[in-house]
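Here is a friendly walk through one predicted model, with the cut-offs spelled out as we go. Have your viewer ready.

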Amino acid sequence: MRSPKPLAFLKTILLYLVLLLFLLPFLLVILNTFKTTQQFVENPLSWPKQFNFDNYIKAIDDMDFMTGFLNSSIITISSVFIIIFFSSMTGYMFVRFKWKANSILFFAMLASMTLPFQALMIPLVLIYGELGLLNSQGSLLFMYLGFGVPFAVFTFHGFMKGVPLELEESAFIDGSSRLRTFFQIVVPLLKPVMVTLIVLDTLWIWNDYLLPSLILQSPSMRTLPLSNYGFFSTYSVDFSPLMAGLIMTIIPVLILYLLLQKQIIRGITEGALK
Amino acid sequence: MTNKKFLHNTGTFLIFGGPSVFAFFAVVLIPFLFGLYLTFTNWDVRSGDHTFLGLANYVEVFQDKTFLTQLWFTLKYVLFTVVIANVAAFFLAFALTSGFKGQQLLRTGFFTPNLIGGLVLGYLWQLLFSQVLPYLGQKYGWALFETSWLTDTNKAFWALVIVSAWQLIGYLMIIYISGLMSVPVDVIEAAGIDGANGFNKIRKIILPLSAPAIVICIFISISRSFLTYDLNLALTKGGPFNSTELSSYHVVQKAFLSNEYGVGQSEAVVLFVIVAVIALTQAYFLKKLEVEA
């Protein structure tokens, strides 16, 4: 489907222009993080006179960035880890043991993926509030596990169906237990799915606002989206530090994306088309 | 099954499935069932008292003018977002599968908005709509931008649509790209030899053959835009005067600000049913159009 040369060149230029226009909102905001609020309001399009990082420093202090960053990191990393750890085992069980309970459970998990969070949040808050389990990072982790399990199990299940049984059987003959076989033989084979899930779950949990806003109440537990929210509602006229705060929230996932972009793109395609 | 084998199997189940199945029950299944029960009661948070009401909550939901207005507003928002995002994503994907240098970089670039959560994205655009565009409008006398879009109901609607589509385009583009790449090149070439022009190639061959991707993309964009919450909160906070409250934003407000759990939950269930019916119906009809290469 190649177009003739000059036309193809024109098309490429055009596409880059579209991309520039597409990312302009970003670039504009980044540019303005280096100016004072006064300069931003006077002319949001001007080039910054000098690149100073005062806004970043102010944002780090005022929105308590470090606390948010630390909380977000702890919650994201541990949730993603437990989701993948337990879901891979369950996915394996669903593939290797054809019990009736397994097929019922698998179907229930599949069906639950169509449930929007909004249909679960009120009962969640009621039940966990009644049990006195709100306002705790542990509860939040547990909930991410529960919400993350269906998709992860489904993905592992799809992948593991294609893993040959022979390797495991020879391990059993050598006297290896089920658990040991799983961790030593099966888990190494699962690497590609794991990367995909790590990326998708990280994007989801890092950016999530609604669930943490319902569970975590004390400021010391805030994740970054919660800090952003608090910062914006209190300082809504001091634009430049606000913009710096937003950009800092984006940077960690941007780095992850640049490192793992191939897997992210493959993960989305596989996750969607399977 | 012998007793010993049963015990052994139960042990295996508990080790391999125990934690995740327990979490799934505790976080998804039980709250879902309890939520259904809630819709038939008048749950009061403070006293914990409740009586069984039957369908009264649902009757209230459908008699609530505000809810219905917002549902209509949401349907319009979903329609425009889905159409704009899918058309743009399809043409981008089409342009980015023809095989040229820098293709990968462009794909990466268009995907970036998806890395950012709805809240941060909403605030980012809020600054653009409330500061940057009015600045331009006043400086160059462009009437369209002179006042902030977010203070005008009609324009705030379009602001929501534009930002949502802007975010969705990259995600859908990736799926369209993989759909387009599965269209066999020789079929397209054969059509070219038979005299089909570019437009006919797209309409008669590429579109039908990438139908699976279209089904999924429309499904994803419908369910995602129906549930927009963060973006709504950060961009307009439902304002001006609650005129831009999307249904899922309204549900959260209803439940947690006015403490009407029964009604709020009923609204959530109604919303869920609407999303499911629309998304599944479109998938059913589009699937019928699918053809084999």
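A salt bridge here is a side-chain nitrogen of Lys or Arg within 4 Å of a carboxyl oxygen of Asp or Glu. The model is predicted, so local features need pLDDT of at least 70 and side-chain atom pairs count only at pLDDT 80 or more, while totals for chains, interfaces and linings use all residues. Residues are numbered from 1 along each chain as its sequence is written, chains are lettered from A and ligands numbered from 1 in the order in which they are written, and side-chain values use heavy atoms, with hydrogens and water left out.

By the salt-bridge rule, the count over all chains comes to two. In one of them, the side chains of Asp62(A) and Lys58(A) meet at 2.9 Å, N to O. Both residues lie in helix α3 (residues 54-62) of chain A, four residues apart, about one turn of the helix; helices are DSSP runs of H or I with at least four residues, numbered from the N terminus.

Salt bridges that share partners join Lys58(A), Asp62(A) and Asp238(A) into one network.

How accessible are these residues? For the table, buried means under 20% relative accessible area, exposed over 50%, and partly exposed in between (1.4 Å probe, protein chains only).

| Residue | Relative accessible area | Class |
|---|---|---|
| Asp62(A) | 30% | partly exposed |
| Lys58(A) | 33% | partly exposed |
| Asp238(A) | 24% | partly exposed |

**Where the two chains meet**

The size of an interface is often given as the accessible area lost when the parts come together. Chain B and chain A bury about 7,600 Å² between them, 82% of it on carbon and sulfur atoms; this buried area is the accessible area (1.4 Å probe) lost on putting the two parts together, summed over both. On the side of chain B that touches chain A, the largest share, 21 residues, comes from α1(B). In total, 79 residues from chain B and 80 residues from chain A take part in the contact, where contact means heavy atoms within 4.5 Å.

Which polar links cross between the chains? There are zero salt bridges between chain B and chain A, but 10 residue pairs are in polar contact, both at pLDDT 80 or more. A polar contact is a pair of N or O atoms within 3.5 Å; within protein, one must be able to donate a hydrogen and the other to accept it, and residues adjacent in sequence count only if both atoms are side-chain atoms.

Thr112(B) gives a local view of this meeting of chains. Thr112(B) lies in the loop between α4 (103-111) and α5 (118-140) of chain B and is buried at 11% relative accessibility. Not counting residues up to four places away in sequence, Thr112(B) touches Leu23(A), Phe26(A) and Leu254(A).

Phe147(A) is in helix α7 of chain A and counts as buried at 18% relative accessibility. Beyond residues up to four places away in sequence, Phe147(A) touches partners in both chains, among them Trp204(A), Leu211(A), Val27(B) and Val28(B).

Ser139(A) is found in helix α7 too, and is buried at 8% relative accessible area. Leaving aside neighbours within four places in sequence, Ser139(A) is in contact with Leu133(A) and Ile215(A).

**One face of helix α9**

The buried residues of α9(A) are Thr181(A), Phe182(A) and Val186(A). Seen down the axis, these residues fall within an arc of 100°, so they line one face of the helix; the arc is that of the directions from the helix axis to the C-beta atoms. They pack against α4 (65-96), α7 (137-160) and α8 (166-173) of chain A together with α1 (3-38) of chain B.

**Positive phi in two loops**

Most residues other than glycine have a negative phi, and most peptide bonds are trans. Asp64(A), not a glycine, has a positive phi of about 55°, and lies in the loop between α3 and α4 of chain A. Asn135(A), also not a glycine, has a positive phi of about 60°, and is placed in the loop between α6 (121-130) and α7 of chain A.
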